[in-house]
Amino acid sequence: MSPVPAPSDLPVELRTEALESILVEKGLVDPAVLDKFIKTYAEDVGPLNGAKVVAKAWTDPEYKARLLEDGTAAIAELGFKGPQGECIVVLENTPTRHHLVVCTLCSCYPWPVLGLPPGWYKDPAYRARAVREPRALLEEFGLSLGPEVEIKVFDSSSEVRYMVLPERPAGSEGLSEEELVPLVTREAMTGVAKARPPA
Amino acid sequence: MTVLPLDVEGPAAPPRSNGELVFAAPWESRAFGLAMALHDGGFFEWEAFRQQLIAAVARAEAAGGEFSYYRCWLEALQTLLDSSGVVDLASVDGRAAELACRSAGHDHRHDHDHH
């Protein structure tokens, strides 16, 4: 008889496969639904959605006002909604105020506009240091902010997901909404970077 | 001081078109999809899952070692399903052990008498 590994030794791949096979057998999970969720978040929902929101806010003052007033509704105007987007608050960066977004407890993130969080956002070091020493953390991301800039850190709660509206970069005045989209990175929308200057 | 694993990306694009890896391994995507499908099916409130995830993340950080977010995710899901009586932990371990034996059977090599 071959030795049966102790549960704690079982690789996480096998435990995941085991759980899936039991749930499918019991009829609790439809494999097609499972595959659809994975495909959606691996291939379609990503920070391009948020970039479109930011570019529209930069070019349409009335939209920007709505976005800052009720982020969830203004984002839904562009068709972006879904899990982890039930209550999105948009934080506007200015020359004297910079916002940084974190979820210290569990990496909550506004999926409809940014997709699933990247590795650094989930990292224990980021989650701890964003609150404790945001200025030093931002330096490591390559973002040096002068002493005149106040840094406000927003820690996600059970309900609210935050997204940063970065400052429109200098030199982008003549660009159209469509041309502005590529300047908006995921990092700019979490506050660890500024929007890119135009090429 | 911990150095951040920086993987700062370029301009925003759909995950598919900029080659970004949302999941580091296939099992991570399955664990993610299972939680989404079960929540979609009304098996739990997201906040209940989130509370288990917070607890799992805290345990992993207290234990030290390499941090795996989706390992915490899977643990949170298993704990939630176990406590709500949907799937108990022992049956998952039992099935995983069966799968482990299957893998060993499929993996055996034929080079043991070639030296």
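Let's start at one residue, Val54(A): setting aside neighbours within four places in sequence, Val54(A) is in contact with Leu165(A), Pro166(A), Val184(A) and Met189(A). Keep in mind as you look around that this is a predicted model. Val54(A) also belongs to the largest nonpolar core, which has 79 residues. The members of that core touching the most other members are Val54(A), Val184(A), Leu34(B), Ala35(B), Trp73(B) and Leu77(B). Notice that this list has names from chain A and from chain B.

Now step back and take in chain A. Its make-up is 11 helices and four strands, and its C-alpha trace spans about 70 × 35 × 35 Å along the principal axes. Of the 199 residues in chain A, 42% are buried. As for how the chain meets itself, take the contacts between residues at least 6 apart in sequence: 71% of them join residues at least 24 apart.

Next, see where the two chains meet. Here 57 residues of chain A are in contact with 52 residues of chain B. On the chain A side, at least two residues each come from α1 (12-25), α2 (31-44), α3 (47-59), α7 (119-122), α8 (124-132) and α11 (186-190). The biggest giver is α1(A), with 12 residues. Sorted by class, the side of chain A that touches chain B has 34 nonpolar, 10 polar and 13 charged residues.

The crossing is left-handed. From α1(A) come Val12(A), Glu13(A), Thr16(A), Leu19(A), Glu20(A) and Leu23(A), and they meet Trp27(B), Arg30(B), Ala31(B) and Leu34(B) in α1(B). By class, that contact has six nonpolar, one polar and three charged residues.

Stay with α1(B), residues 26-40, and look at its partner within chain B, helix α3(B), residues 69-83. Their axes come within 9 Å and cross at roughly 35 degrees, and α1(B) passes α3(B) in a left-handed crossing. On the α1(B) side you'll find Glu28(B), Ala31(B), Phe32(B), Leu34(B) and Ala35(B), facing Tyr70(B), Trp73(B), Leu74(B) and Leu77(B) of α3(B). This contact counts eight nonpolar, no polar and one charged residues.

Back in chain A, have a look at α8(A), where Tyr126(A), Arg127(A) and Ala130(A) are buried. Why do they sit on the same side of the helix? Because they cover an arc of only 100 degrees around the axis of α8(A). The buried residues of α8(A) pack against β2 (97-102), α7, α9 and β3 (150-155) of chain A.

That brings us to α9(A), residues 134-140, which holds Arg135(A). Is Arg135(A) buried or partly exposed? It has 14 other C-beta atoms within 10 Å, so Arg135(A) is partly exposed; being buried would take 20 or more. Leaving out residues up to four places away in sequence, Arg135(A) touches Leu145(A) and Ile151(A). For a sense of distance, Arg135(A) and Thr96(A) are 39 residues apart along the chain, and their C-alpha atoms are separated by 14 Å.

Key:
Residues are numbered from 1 along each chain as its sequence is written. Chains are lettered from A and ligands numbered from 1 in the order in which they are written. This is a predicted model: local features need pLDDT of at least 70, side-chain atom pairs count only at pLDDT 80 or more; totals for chains, interfaces and linings use all residues. Axes are lines fitted to C-alpha atoms, for helices over the stretch in contact, and angles run from 0 to 180 degrees between N-to-C directions. A crossing is left-handed if the near helix is turned anticlockwise from the far one by less than a right angle, and right-handed if clockwise. Two residues are in contact if their C-beta atoms, placed from the backbone, lie within 7 Å. Ala, Val, Leu, Ile, Met, Phe, Trp, Tyr, Cys and Pro count as nonpolar, Asp, Glu, Lys and Arg as charged, and the others, Gly among them, as polar. A residue is buried if 20 or more other C-beta atoms lie within 10 Å of its own, exposed if 12 or fewer, and partly exposed in between; C-beta atoms are placed from the backbone. The arc is that of the directions from the helix axis to the C-beta atoms. A nonpolar core is a set of buried Ala, Val, Leu, Ile, Met, Phe, Trp, Tyr and Cys residues joined through C-beta atoms within 7 Å.
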